[in-house]
Amino acid sequence: MESRAQKLILLGFFGGLFCVPLLAEWTSTPFYLDLARRMMILAIGALSLNLIMGYGGLISFGHAAYIGIGAYTVGICAEHGLTNGFIQWPLAILISGAFAIVFGAISLRTRGVYFIMITLALAQMMYFLGVSLDRYGGDDGLPLSERSNFQDLIDISNNITLYYLVFLALVLCLLFCHRLIHSRFGMVLQGARSNEKRMQGLGFPTLRYQLTAFVIAGMMAGFAGALLANHTDFINPDLMHWTRSGDLIIMVLLGGMGSLAGPVIGALVFLLLEEVLSGITEYWQLIFGPFLILVVLFARGGLLGFFSKRGNQGE
Amino acid sequence: MVDGALVFEQFFNGIQLGLLLFLLAAGLTLVFGIMDMMNLAHGSLYMLGAYVAAQVTLWSGSFLLGVSVALPAILILGICLEAGLLRPLYARGHLDQVLATFGMILFFNEFVRLVWGPEGIEVPLPSFLKGNVVLFDIPLPNYRLVVIGVGLLVALLLYLLVTKTRTGMLIRAGASNREMIQVLGVDINRVFTLVFGIGAALAALAGALAGPILAVTIGMGENILIQVLVVIVIGGIGSIRGAFVGAMLIGIIDILGRSFLDTFFKIFLPVNAAETAGPAVASMLIYIIMALVLFFKPQGLFPAKTG
Amino acid sequence: MSEPLLEVRGLYKSFGGVLATDNLSLSVIKGTIHAIIGPNGAGKTTLINQLSGIQSSDSGRVKFGDKNITHLPSHKRAALGLSRTFQITSVFLEFTALENVMLAVQAQSGHSFRFWHPARDDESLIGPALEALKIVGLADRADVVAQFLSHGERRGLEIAMALATEPLMLLLDEPMAGMGPEESGRMVDILSQLKGNQTVLLVEHDMDAVFALADRITVLVYGAEIATGSPEEIRSDPEVRKAYLGDEWESA
């Protein structure tokens with residue numbers, strides 16, 4: 001169970017997020033709106049990764065590929081004149097899901113080091129595919145001709161409207177993950193992480209549950225991709241580069257893998273660090289690299305872990 | 001119509017790439033297999049080897065000196081890294097190892113950018129190796145022949161080391177069943193340092209050799225690392241023989257694919273489609289091969305693990 | 001006369017030249033605890049492995065109820081109700097004792113593709129799990145994370161998990177392994193609760209426990225059965241005394 005402190009932090013956090021557009025207006029710095037929106041979208045991506053990595057124990061180094069697939073679906077649709085969001089977004093989710101089934105089926109035949117490498121290789125393959133598609137910008141990327149159109153329901157070409165839509169999406173995804181983890185399905189997933197052979201000994205066919213989790217995570221990341229495409233009005237293969245997958249893993253780690261909302265905090269910390277450090281020096285990764293190593297070596301349980309009660313962990 | 005000479009030339013290039021990949025894969029597969037450690041920073045050692053060799057070559061004018069300095073320099077760096085940063089990570093899970101070595105990649109890339117700038121270094125071909133050997137009217141660059149020669153020599157030495165020496169036997173036993181050799185009283189830390197050291201030296205050698213023919217730039221390590229991972233997955237973790245077979249396979253298929261796939265597609269596809277599909281599929285080819293191999297053999301072609 | 005639930009006829013198993021199981025026959029009557037004892041190397045664990053289906057036999061026949069299970073793989077035997085525990089404990093350390101057993105119950109209640117309702121509040125899982133924990137005396141430790149249970153408690157948890165799958169018969173492989181006298185005493189209490197309700201085949205070294213629990217005992221030496229009978233019969237059997245000369249066996 002998440003501790004009191006964790007819940008308070010989260011509440012404060014979301015309260016703050018809710019007020020960002022107002023603050024941005026007031027101080028005339030749209031930059032913060034942009035940053036916070038990007039953070040929320042990446043948080044959805046990190047949440048989805050946490051499902052399979054934190055709770056499932058499957059270290060996927062190719063998760064950014066699904067964000068990219070979702071983004072490209074929206075971009076390619078728009079390129080061909082299909083700007084109806086009611087079609088684009090479900091399509092983005094379905095197509096990422098389809099890729100997740102195929103990649104998951106291949107990768108889940110293995111475990112451990114093999115699994116990490118295969119997910120990495122498959123994602124990088126998508127990157128190269130994106131680069132080679134000259135029709136859709138290739139290396140230079142693809143500008144989004146027009147944001148997703150939801151007719152009279154909502155107009156996301158307005159930046160603030162998009163912001164609150166993303167905010168809502170994040171809250172809904174968080175709720176969804178919460179139900180999922182505590183359900184019977186979630187128990188099987190966590191049991192398989194804890195002791196896969198024992199689960200099989202009890203009679204659970206663990207593979208199909210893990211594959212399902214993989215697909216759900218892929219679809220949620222695809223959804224994040226659709227949001228991202230509208231956020232940046234631009235889609236490029238770099239979204240799928242393996243270092244982006246590394247970023248997602250870092251976010252999950254920074255926030256603490258044992259908790260549901262950790263990745264959200266992790267996304268915030270990651271982006272803030274990136275902003276602050278690159279403000280100090282052009283060579284900010286010289287600091288960030290060792291920082292990461294130190295976190296790994298000394299801060300087990302991530303940052304949120306510092307605030308949670310030790311003892312009855314099981315979340 | 002396809003030019004036979006061109007095919008041969010690209011086949012030759014494929015072998016050369018394959019041997020470079022082998023130098024990297026051999027070291028890394030042992031790290032994965034014996035130390036069960038996910039070391040992503042292997043590519044960084046390759047990059048640093050290339051940069052150091054390039055710089056020394058530019059200063060001294062001697063390519064040989066460049067290589068001779070790079071090898072021990074990176075070897076020492078590798079051993080320091082292993083003893084200092086990586087050792088606490090053995091007991092941790094793969095995730096921690098992935099993250100820590102990822103942090104190292106970020107650091108090294110930025111470090112290189114700081115010292116040498118973002119542009120990369122141009123390494124001229126060593127003058128005594130300029131020129132070609134002509135075989136069946138096909139010019140084969142001397143330098144590439146030397147790379148192939150060195151690669152094959154290293155392969156032979158590794159083979160001898162692993163099959164004929166006591167150390168090699170320890171390495172093979174460790175790859176097959178780590179707990180067992182610990183039980184037999186072997187100091188596992190010495191074996192690990194040795195294995196890591198061999199890997200670092202091979203990576204440095206590959207980097208130094210690659211300098212004149214591939215680009216010496218930031219991020220060169222990661223580009224080739226992905227291919228090396230594919231090689232290892234196909235060959236089987238912990239197996240040097242697997243690394244060799246996998247590397248040759250990937251090197252040849254990758255080069256031939258990039259050169260001739262669109263031509264091949266033109267046989268049964270309209271020109272436009274072939275010219276789009278060709279490069280696209282070519283860039284994905286080695287991953288498709290990997291997926292196929294895994295489908296039939298999830299542990300790779302020559303898995304070393306028994307325990 | 002009660003029907004045997006498990007019937008073993010003429011079982012043979014050899015590894016290379018070593019005969020691990022030598023023409024072994026035994027019957028376990030429903031509702032009884034049948035113990036297998038014997039000096040080290042007698043082939044007790046090999047026997048359990050063959051009965052649970054992990055190892056195949058060279059020849060012989062195993063009948064469970066009225067089914068011939070000789071060639072059935074282990075997960076199918078488990079599905080038929082033949083549950084086993086292992087010498088090396090294997091519970092879910094990050095889950096509480098209750099959650100561990102709930103998982104075992106969940107495994108038996110259809111598929112788990114349920115994504116919405118919290119499993120931890122599911123009465124249909126909690127009820128049977130608590131029952132099983134009560135039997136092994138861990139009901140008051142239900143909310144303790146398994147990592148913090150003592151070795152003996154974890155062994156008890158293993159048995160609770162086996163019981164939660166509502167087995168027809170239990171194969172217990174040295175449940176007292178690695179336990180001190182106090183923990184062993186507790187385990188004996190737990191197991192004696194099963195008398196009459198469960199059918200158990202028990203492999204054990206701990207003689208006190210065996211004599212306290214068993215309805216019938218089979219003595220195994222070099223893979224062959226040298227005596228079968230009630231505890232009193234075994235205790236006074238001269239062949240058995242000879243086999244155990246110098247071992248844990250002292251004239252009682």
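This is a predicted model: local features need pLDDT of at least 70, side-chain atom pairs count only at pLDDT 80 or more; totals for chains, interfaces and linings use all residues.
Local features require pLDDT of at least 70 and side-chain atom pairs count only at pLDDT 80 or more, while totals for chains, interfaces and linings use all residues. Residues are numbered from 1 along each chain as its sequence is written, chains are lettered from A in the order in which they are written, and side-chain values use heavy atoms, without hydrogens and water.

**Aromatic pairs**
- Over all chains there are 36 aromatic pairs (ring centres within 6.5 Å, taking the six-membered ring of Trp; planes under 30 degrees apart are stacked, over 60 edge-to-face, the rest tilted).
- Phe61(A) and Trp242(A) form a tilted pair, at 5.7 Å centre to centre and 45° between the planes.
- This pair links distant parts of the chain, 181 residues apart: Phe61(A) lies in the loop between helix H2 (30-55) and helix H3 (64-79), and Trp242(A) in helix H10 (residues 242-255) (helices are DSSP runs of H or I, at least four residues, numbered from the N terminus).
- Phe61(A) is buried at 1% relative accessible area, and Trp242(A) is buried at 1% (buried is under 20%, exposed over 50%, partly exposed in between; 1.4 Å probe, protein chains only).
- Phe264(B) and Phe268(B) pair edge-to-face, at 5.6 Å and 90°; Phe264(B) is partly exposed at 44%, and Phe268(B) is exposed at 51%.

**Helix packing**
- H2(A) packs against helix H9 (residues 206-232) of chain A at about 170°, with the axes 7 Å apart (axes are fitted to C-alpha atoms over the stretch in contact, and angles run from 0 to 180 degrees between N-to-C directions).
- The two helices are therefore roughly antiparallel (over 145 degrees).

Conventions: Angles under 35 degrees count as roughly parallel, over 145 as roughly antiparallel, 65 to 115 as roughly perpendicular and the rest as oblique.
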